[in-house]
Amino acid sequence: MAFTLDDLPVYPHLALPDGHTPHSVAALIMASLARNGVSGVFALANSWPLDVDPQYARILDDWVAAGHHIGNHTHTHPLLNETAAAAFIHDVSVADELLAPWISKAPLRAFRHPLDFWGNTEEKRVQVNAHLDRLAYRSADVTSWFYEWEWDRAWQYLLQTGRLEEAERLKAEFVDYAAAQVAHDAKTCRMVFGHDVIGIGLIHPLTFFTEVADAFFARLFAEGVTFVPLSDALDDPAYLRSGTIVTDAFQVYQIKIAAADGRVLDAVPPTHKALMERVFELGTPLRPPRRGMLVQNRRARAS
Ligand SMILES: [Zn+2]
């Protein structure tokens with residue numbers, strides 16, 4: 001699979017656990033990628049933190065200096081399904097301008113829609129796709145992600161409430177779950193596209209991930225996963241249907257395509273649904289009351 005990261009340069013507006021900063025979280029992830037030989041990783045970035053503090057540019061500088069790449073993930077992370085086409089298009093252009101120093105160094109102009117929303121009306125979908133074409137972006141969808149926001153919240157809640165053994169156990173549970181999720185996603189891709197698809201994996205730069213990154217990569221290697229450039233994945237004909245469907249569903253690529261074809265597939269491996277329910281419950285006290293996230297969580301629970 002191609003491994004990607006969303007939402008660099010981390011989240012300056014979020015409260016990180018003691019001792020962590022957006023800079024330290026990014027540095028820990030870069031160190032783990034280097035230790036594990038995972039190179040050329042695209043980070044789909046938001047440019048609004050650069051307005052808040054130009055120092056965040058250093059995270060993007062360091063990312064590119066380490067041999068990784070930057071793509072466009074919009075300026076302010078608007079959700080297309082809740083945003084007018086013109087406003088979304090403007091936001092893409094702002095990010096295109098502010099991120100140009102880093103995007104221009106990448107081997108490919110990659111774009112990722114926030115929450116992978118392609119548009120909930122045909123008008124939005126067509127207008128935004130046309131704008132991405134004008135800016136020569138290739139849309140990078142996601143076939144595997146790991147609900148890591150929920151794991152991060154659950155882990156932080158356990159730490160905050162002194163349940164340290166459970167917090168430690170959660171890390172091993174995540175690694176087991178992640179391996180099952182990747183295998184499940186490879187299976188659903190095969191079911192939908194009829195061949196072995198080069199997956200596109202996504203992780204968010206959260207503190208919890210810095211704690212489990214080495215074990216995560218070791219486990220995926222043990223399961224036979226290899227990491228390839230994003231361009232190799234995007235050349236797979238499976239991705240030709242990217243951005244072609246009007247839907248407001250929050251789903252990974254192959255599940256969305258399957259739904260459009262009238263097939264309902266499990267997003268989470270059935271063997272791990274109960275565990276995911278527990279993780280969602282644990283993180284509930286720390287979940288922000290933000291509409292986009294609420295939509296996301298409701299959908300994830302329903303899947
Ligand atoms: Zn995002």
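This is a predicted model: local features need pLDDT of at least 70, side-chain atom pairs count only at pLDDT 80 or more; totals for chains, interfaces and linings use all residues.

User: Which residues coordinate the zinc ion, and at what range?

Analyst: Asp 7 does it through OD, while His 73 and His 77 each use NE2. The range is 2.1 to 2.3 Å.

User: Are His 73 and His 77 buried or exposed?

Analyst: Both His 73 and His 77 are buried.

User: What is Thr 74 in contact with, neighbours within four places aside?

Analyst: Ala 45, Asn 46, Ser 47, Phe 88, Asp 91, Val 92, Ala 95, Phe 111 and Pro 114.

User: And how many Å separate the C-alpha atoms of Thr 74 and Glu 123?

Analyst: They are separated by 19 Å, with the two residues 49 apart along the chain.

User: OK, switching to the core. How many residues are in the largest nonpolar core, and which have the most contacts inside it?

Analyst: The largest nonpolar core has 99 residues, and the ones with the most contacts inside it are Leu 8, Trp 63, Ile 70, Trp 151, Phe 174 and Phe 216. Helix 8 (residues 164–193) gives the most to this core, with ten residues.

User: Take Ile 70. What is Ile 70 in contact with beyond its sequence neighbours within four places?

Analyst: Its contacts there include Leu 8 and Trp 63, two residues that are also on the list of those with the most contacts in the core. Ile 70 is in contact with Phe 42, Leu 60, Trp 102 and Ile 103 as well, among others.

User: Back to helix 8. Why does Gln 181 count as buried?

Analyst: Because its relative accessibility is 2%, and buried means under 20%. Gln 181 lies in helix 8, and beyond its neighbours within four places it is in contact with Trp 145, Phe 146, Tyr 147, Ala 267, Val 268 and Pro 269.

User: How many cavities of 30 Å³ or more does a search of the whole structure find?

Analyst: One. The largest cavity holds about 30 Å³ of space.

User: What lines the largest cavity?

Analyst: Leu 158, Glu 166, Arg 169, Leu 170, Glu 173, Arg 278 and Leu 282. Helix 8 and helix 12 (273–283) are the elements giving two or more residues to that lining, and helix 8 gives the most, with four. By class, the lining has three nonpolar, no polar and four charged residues.

Key: Residues are numbered from 1 along each chain as its sequence is written. Side-chain values use heavy atoms; hydrogens and water are left out. Donors are N, O and S atoms within 2.8 Å of the metal (3.2 Å for Na, K and Ca); water is not among the atoms, so sites may look incomplete. Buried means under 20% relative accessible area, exposed over 50%, partly exposed in between (1.4 Å probe, protein chains only). A nonpolar core is a set of buried Ala, Val, Leu, Ile, Met, Phe, Trp, Tyr and Cys residues joined through side-chain atoms within 4.5 Å. Contact means heavy atoms within 4.5 Å. On a 1 Å grid over the protein atoms alone, a cavity is a set of points where a 1.4 Å probe fits but cannot get out, and a pocket is an open set with protein on both sides within 12 Å along at least five of seven lines; lining residues have an atom within 4 Å of a point. Grid points are joined across faces, edges and corners, and a volume is the space filled by probe spheres set on the points. Ala, Val, Leu, Ile, Met, Phe, Trp, Tyr, Cys and Pro count as nonpolar, Asp, Glu, Lys and Arg as charged, and the others, Gly among them, as polar.
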